[in-house]
Amino acid sequence: MSDVSLMVNGKRVSGTAEDRTLLVHFLRENLGLTGTHVGCDTSQCGACVVHVDGKAVKSCSMLAVQASGSNIVTIEGLANGADLHPVQAAFKEHHGLQCGFCTPGMIMTATDMIARHPEGLDEATVRAELEGNICRCTGYHNIVKAILAASKTMAKGAKGKAKQAA
Amino acid sequence: MGIEGVGARVARKEDKRFITGAGRYVDDMVVPGMKHAAFVRSPHAHAQIKKIDVKKAQAMPGVVGVLTGKQLKADGIGNLICGWMIHSKDGSPMKMGAWSPLAVDKVRYVGDAVVIVVAETKGQARDAAEAVEITYKELKAVVDATKALEKGAPQIHAEAENNLIFDWEIGDAKATDAAIKAAAHVTRMKIVNNRLVPNAMEPRAALGHYDKAEDHYTCWTTSQNPHVARLVMSAFYNIAPENKLRVIAPDVGGGFGSKIYIYPEEIVCLWASKKTGVPVKWVADRTESFLSDAHGRDHVSTVEMAFDKNNRITGLKVDTIANLGAYMSLFSSCVPTYLYATLLSGQYDIPAIHANVRTVYTNTAPVDAYRGAGRPEATYLLERTMEAAARELRVSPAELRRTNFITSFPHQTPVIMNYDAGDYGASLDAATKASDYAGFAKRKAAAAKKGLLRGIGMSCYIEACGIAPSAAVGSLGAGVGLWESAEVRVNAVGTIEVLTGSHSHGQGHETTFAQLVNERFGVPIDSVSIVHGDTDKVQMGMGTYGSRSGAVGMSAIAKALDKVEAKAKKIAAHLLEADEGDIVIENGALKVAGTDKNIPWFQMALAAYTAHNLPSGMEPGLKETAFYDPANFTFPAGCYICEVEIDPETGTTEIVQFVAADDFGNIINPMIVEGQVHGGIAQGIGQALLEGAHYDAGGQLLTASYMDYTMPRAGDLPSFKVSTSNTPCPSNPLGIKGCGEAGAIGSPPAVINAITDAIGITDIAMPASPSTVWAAIRAATKH
């Protein structure tokens, strides 16, 4: 057993876990954050993507003990209180989800993708960068649409903030 | 149509919980005292179980119980059954072999469940499962259905000689043979429909809880039809009588057919909960899902299509061998028969059809309905053959289809179905226009300049949804009725709960069903809650599959709404001192037509419950139930056109354009309908280009993870151009046909027709992976 201490969604949490415990299982079982899902055993599906120190990471691909000391954001911590994150809002507006199982991972990947492309995104880039996230319901059509829309909204928001600062 | 009514593009109510991580799936459920299960599964495709030694496993840390099939049988738990009786053409009933939830004497496929281990943690359960020692005597295995029928093939079930489950036929053999004999042209094809794994993103899971004090069971399960699960587990598997068994299917992460069936795991978890005295949860990992979820398709067929000198089809003869795997899954027998051969007339006026279907046991996972279920197999066979015929006859594929379209309705086909409405020419026109079909030659020439092979292919599909009426399916062998139920409860403050036997696992019922209520009463959809997926809340239902929730489920709701409306109008008429026939419902109020006299909806509801001033003799309250049994199947149809560019150097196929023009009848929410089409097309393209379940000759599944089985990724697919041109369905009150499976049905032949067109060949195997395409191009250029 090992001690694990993390910042999760802005709160300091700690616990003990078997050494073999994956981060995703620690989040789900120890912390009750069941929004992060497990859809495969081979780190292919991306349903478990969370942000670790600001980067999108498949939480099945690291041990909980490896993540100790990190700052983690899960799908539960993405919205600002009652205000949805623009990516969450875009998934709803553009019907980017059906059964909802891959959705948390998709949204966490998309948020990271948009952050890494401040210059904006095009369809080909979005499709290429969704390689690590599998959806069986939507055919990706509306997921791509939602991410492109969110990227635009967030770029506008960033410009607005820059203007305010100036 | 209001902004939240029928036909409106309303964003989904259920999204809030899914986008914030608040969805509640079976694996998210925690019950006090809950322990975790792991199954020991057969590593062999075919073997006798000689000995099971659980001693070591029982002594492992955290282990609560290690249970075997012998114990399960001793407790009287029943075998799994197939719920649709098919008779062979000689009149004999299908030969169903025994399927024990935990194997007792013999295992018949890799993944067959043998032992359940229950422990404190999932990790401990798995560790202990590895310590269970089972001695097997390996037997020869067979995975290919055609080989399984050969003399001397391994015998899988004693009940089914030579592994033949049934040898069934439909249609008129004599008339069809005569048509072929007299034909001006006959197109002959061998058609292989590849085996697929459904792969809902949420793996199957079950949580069984036996409450000793109440002598009552609760089962949380990843099910598309919890009521059918309760019925079958009570009536056939002897878990408990229905009143002592509650089945809950909470949020379910996709189904595509694979979560219709009652599998061994939920039965065993319930039984193990009683046996061990603790709630038992099992969640499949992905490889377990690949091994043990029901697979789809796996047909091998020969087809002869006869034409007269005017290119009109005069006859169609089909011979199909369908692989049903190691055991007969719940609806496995109806898929290659009544959901397949009854659709072999397609969109065409064919005077004579005969189909023969043999179903076969093999040492592979059970095969059952997967999105489309039988209809994709029929469409693929027909539309590949039509394309080949057009090439042989040197006519445009579009025109050959148009020449043969059914144009007047109702139309009785020679294979049971009676098409009630459609306009196949309209879908073909819409698709050819949207795809600029006429401008293809230019695009092909431009691609050729870049060294790319460009091809175009079409598919005109028809399907039958709503699977009904109950009396008709009963006469064809179904063990259940295929109606749907609804209960509409108007609360005293005017808010509404709709209880439905349909189950949403991605289809958006919480939104579309509420839209139906909004359309009728003007109540905001936020004031309408849809309740489903719990046998303690909803009395009975048949669940969601076969694109039936709109045509059948919503029709039941409409019937219940009729009753609510009638009573509401009576109450309003009484309060407004008007004639009941003069009351209209508009904008959330009941009005006396042509006057300004009205009473708000909520006030009428309150009056129903205060009961201070109701019409004489009227019962208080406002709650109505309805059961709806359809008058006919519904017949969605459409035309799909796919355009591909192939790089001859690598064999890589890019789908450069995909157009879908569908006829779904009336539509409740176009946004949701388009989403269903997108998803279906992606699965169809997956079948055509990427997906295939492969067993080696010894019965090991070679494609048992996402590293081996190619799921369509975003980069494999284009954006789709979808549209509808709808003819309302005359067979149900809402005019709905259904849209859930169309994409998966219509798309595979369009893709393969495009690829064979690009390369200039007659056929290519699915999935047309880069290596397959590359080899086909090499073979074609050798000639």
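1. Helices (H or I, at least four residues) and strands (E, at least two) are taken here as DSSP runs, numbered from the N terminus. The model is a predicted one, in which local features need pLDDT of at least 70 and side-chain atom pairs count only at pLDDT 80 or more, while totals for chains, interfaces and linings use all residues. Residues are numbered from 1 along each chain as its sequence is written, and chains are lettered from A and ligands numbered from 1 in the order in which they are written.

2. Two cis peptide bonds in chain B deserve mention. One joins Met766(B) and Pro767(B), with omega about -5°; Pro767(B) lies in the loop between helix H19 (742–759) and helix H20 (770–782) of chain B. The other runs from Phe409(B) to Pro410(B), with omega near 0°, and Pro410(B) sits in the loop between helix H11 (397–404) and strand S16 (411–412) of chain B.

3. Asn162(B) has phi of about 60° and is placed in the loop between helix H5 (145–148) and strand S7 (164–171) of chain B. For Glu577(B), phi is near 50°; this residue belongs to the loop between helix H16 (549–576) and strand S22 (583–586) of chain B.

4. On burial (buried: 20 or more other C-beta atoms within 10 Å of the residue's own; exposed: 12 or fewer; partly exposed: in between; C-beta atoms placed from the backbone), Asn162(B) is partly exposed, because 15 other C-beta atoms lie within 10 Å. Glu577(B) counts as exposed, because it has 8 C-beta neighbours inside 10 Å.

5. In chain B, 3 strands form an open antiparallel sheet in the order S4-S2-S6, where pairing requires at least two bridges found by DSSP between two strands. Strand S4 (106–107) and strand S6 (133–138) of chain B are the edges, each pairing on one side only. Strand S2 (residues 47–53) of chain B is joined to S4(B) by 2 bridges, and Gln48(B) has Lys106(B) as its bridge partner in S4(B).

6. The contact between the chains (C-beta atoms, placed from the backbone, within 7 Å) takes 43 residues from chain B and 45 residues from chain A. On the side of chain B that touches chain A, the elements giving two or more residues are helix H1 (15–19), helix H9 (286–292) and helix H18 (670–690) of chain B. H18(B) gives the most, with 7 residues.

Conventions: Two residues are in contact if their C-beta atoms, placed from the backbone, lie within 7 Å.
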